[in-house]
Amino acid sequence: MRVKIEKSKATGIVKAPPSKSMSHRMLICSGLCEGESVVRGISFSEDVLATLDCLESLGAKYRIDGDCVYIKGINPFDIKKDVDLFCRESGSTMRFFVPICLTGKRKSKLYGSRTLLKRPMSVYEDICREQELGFECFDDHMEISGKLKSGNYKVKGNISSQFISGLLFIMPLLDGDSTINITPPIESSSYINLTIDALKTFGVEVVWSDERTLYIKGNQRYKTSDVTVEGDYSNSAFFASLSYLGSDVKVVGLNPESLQGDKVYDKYFDMLSRGTPTIHISDCPDLGPVLFALAACKNGAIFTGTARLKIKESDRAKAMATELEKFGISVRVDEDSVVVYPGDFYPPKEALCGHNDHRIVMSLAVMLTTCGGTIEGSEAVSKSFPDFFDILEKTGIKVTQYADN
């Protein structure tokens with residue numbers, strides 16, 4: 001798909017989309033309850049559908065009614081037959097389900113795109129090797145087997161919080177208590193706290209025994225619940241950023257008490273509007289592309305804590321550097337920092353590339369509202385925000401979508 005965006009201004013009120021991060025967590029917790037739970041306010045993006053597919057593959061039953069999902073969960077230790085799980089391109093789904101599948105001698109095959117299988121899995125590979133569990137990676141899937149043991153775990157904090165969250169889903173169900181000691185620096189700690197909060201909603205307790213150690217009591221059980229997914233700061237940021245580029249958009253439906261790390265976007269947008277700041281983004285890496293875009297439109301900026309951007313759906317720092325160059329903006333990408341230089345901003349003379357990355361596409365769309373242009377590969381937004389362009393158009397931005405020939 002291609003999308004053409006004309007120079008135009010947005011006005012009005014936009015309701016925050018549901019949090020994809022919390023949707024994954026609430027659905028998985030529901031799937032681990034031996035009874036029926038209700039998760040309300042779901043947006044059925046490709047990533048969320050992948051999580052529902054995997055729950056169904058494990059034996060959970062669900063039905064959809066509007067934006068509500070009714071789930072009758074399972075005890076993962078009762079699964080005796082081999083299972084195939086299809087994670088599509090969702091890194092969260094794959095990393096969350098690996099530990100959930102390590103509940104017996106049966107084999108589990110987790111399938112995903114080639115780009116997904118290239119993303120790091122070293123934390124789980126190390127654990128499986130230490131506990132003599134099966135772990136093997138292929139081009140299109142990984143195969144795992146064996147039963148995870150309770151005990152004391154040590155996990156690096158600068159790879160991905162998704163590994164820690166994945167362990168937290170299953171560890172409360174194991175025989176015996178466990179701890180996870182996280183080696184600093186701990187990045188994206190807000191996502192770990194989102195997992196702990198979701199677990200608590202379903203009657204499971206995990207606590208920080210100190211600033212880098214999680215204590216997980218064993219032999220717990222998930223309790224059914226009726227929950228509503230809170231609004232998503234990550235995807236709301238794209239619409240909020242429009243007001244810093246001459247539009248007038250108000251985003252509603254966000255929880256001011258949310259634990260989401262991306263809640264800081266307003267603070268960072270303001271900093272970018274007032275000068276050429278240095279901003280550390282290790283706890284909110286998903287904001288990286290839209291922050292780079294706004295910096296390019298404003299006064300430039302220095303971003304640190306960017307190392308993990310290279311292991312997302314694309315190498316996001318390099319992808320944005322490539323596209324910003326088409327606007328006349330220079331970007332320097334180093335191992336753990338990105339510099340967006342101030343420059344003369346002009347409309348791109350060629351089509352932009354979405355790099356098969358939903359956040360790259362949406363960030364470029366925000367920029368094009370100021371000057372106009374075309375993005376190829378715009379369908380990538382379906383991964384997290386399938387109605388992004390429809391909502392953008394309703395705010396007054398002139399959007400035309402084309403199917404590829």
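Contact here means heavy atoms within 4.5 Å. The model is predicted: local features need pLDDT of at least 70, side-chain atom pairs count only at pLDDT 80 or more, and totals for chains, interfaces and linings use all residues. Residues are numbered from 1 along each chain as its sequence is written, and side-chain values use heavy atoms, with hydrogens and water left out. Helices (H or I, at least four residues) and strands (E, at least two) are DSSP runs, numbered from the N terminus.

**Single residues**

- S337 sits in strand β19 (residues 337-340). Setting aside neighbours within four places in sequence, S337 is in contact with F303, T304, T306 and R332.
- S337 has a relative accessible area of 17% and is therefore buried. Buried means under 20% relative accessible area, exposed over 50%, and partly exposed in between (1.4 Å probe, protein chains only).
- K326 lies in the loop between α11 (316-325) and β18 (331-333). K326 counts as buried because its relative accessible area is 17%.
- The side chains of K326 and E323 are joined by a polar contact of 2.9 Å. A polar contact is a pair of N or O atoms within 3.5 Å; within protein, one must be able to donate a hydrogen and the other to accept it, and residues adjacent in sequence count only if both atoms are side-chain atoms.
- Apart from neighbours within four places in sequence, K326 is in contact with Y346, P347, P348, K349, E350, A351, L352 and C353.
- I13 belongs to strand β2 (residues 11-15). Its relative accessibility is 63%, so I13 counts as exposed.
- I13 touches K250 and V252, not counting residues up to four places away in sequence.
- From I13 to F202 the separation is 189 residues in sequence and 33 Å in space, C-alpha to C-alpha.

**Helix pairs**

- Helix α1 (residues 20-31) and helix α2 (residues 46-57) have axes that come within 10 Å and cross at roughly 10°. Hence α1 is roughly parallel to α2.
- On the α1 side, the contact is made by K20, S23, H24, L27, I28 and G31; on the α2 side, by D47, V48, T51, L52 and L55. This contact of α1 with α2 has 5 nonpolar, 4 polar and 2 charged residues.
- Ala, Val, Leu, Ile, Met, Phe, Trp, Tyr, Cys and Pro count as nonpolar, Asp, Glu, Lys and Arg as charged, and the others, Gly among them, as polar.
- Helix α6 (residues 161-170) packs against helix α7 (residues 189-201) at an angle of about 15°, with the axes 9 Å apart. Axes are lines fitted to C-alpha atoms, for helices over the stretch in contact, and angles run from 0 to 180 degrees between N-to-C directions.
- α6 and α7 are therefore roughly parallel to each other. Angles under 35 degrees count as roughly parallel.
- S161, I164, S165, L168 and F169 of α6 meet Y191, I192, T195, I196 and L199 of α7. The residues of the contact of α6 with α7 comprise 7 nonpolar, 3 polar and no charged.

**Buried helices and their caps**

- Helix α8 (residues 233-242) has 10 of its 10 residues buried, so α8 is largely enclosed by the rest of the structure. Among the buried residues of α8 are Y233, F238, F239 and L242.
- At the N-terminal end of α8, D232 is the cap: a side-chain oxygen lies 2.9 Å from the backbone nitrogen of N235.
- In helix α12 (residues 358-368), 11 of the 11 residues are buried, so α12 is largely enclosed by the rest of the structure. The buried residues of α12 include H358, R359, M362 and M367.
- D357 caps the N-terminal end of α12, with a side-chain oxygen 3.0 Å from the backbone nitrogen of R359.

Definitions and conventions
Angles under 35 degrees count as roughly parallel, over 145 as roughly antiparallel, 65 to 115 as roughly perpendicular and the rest as oblique.
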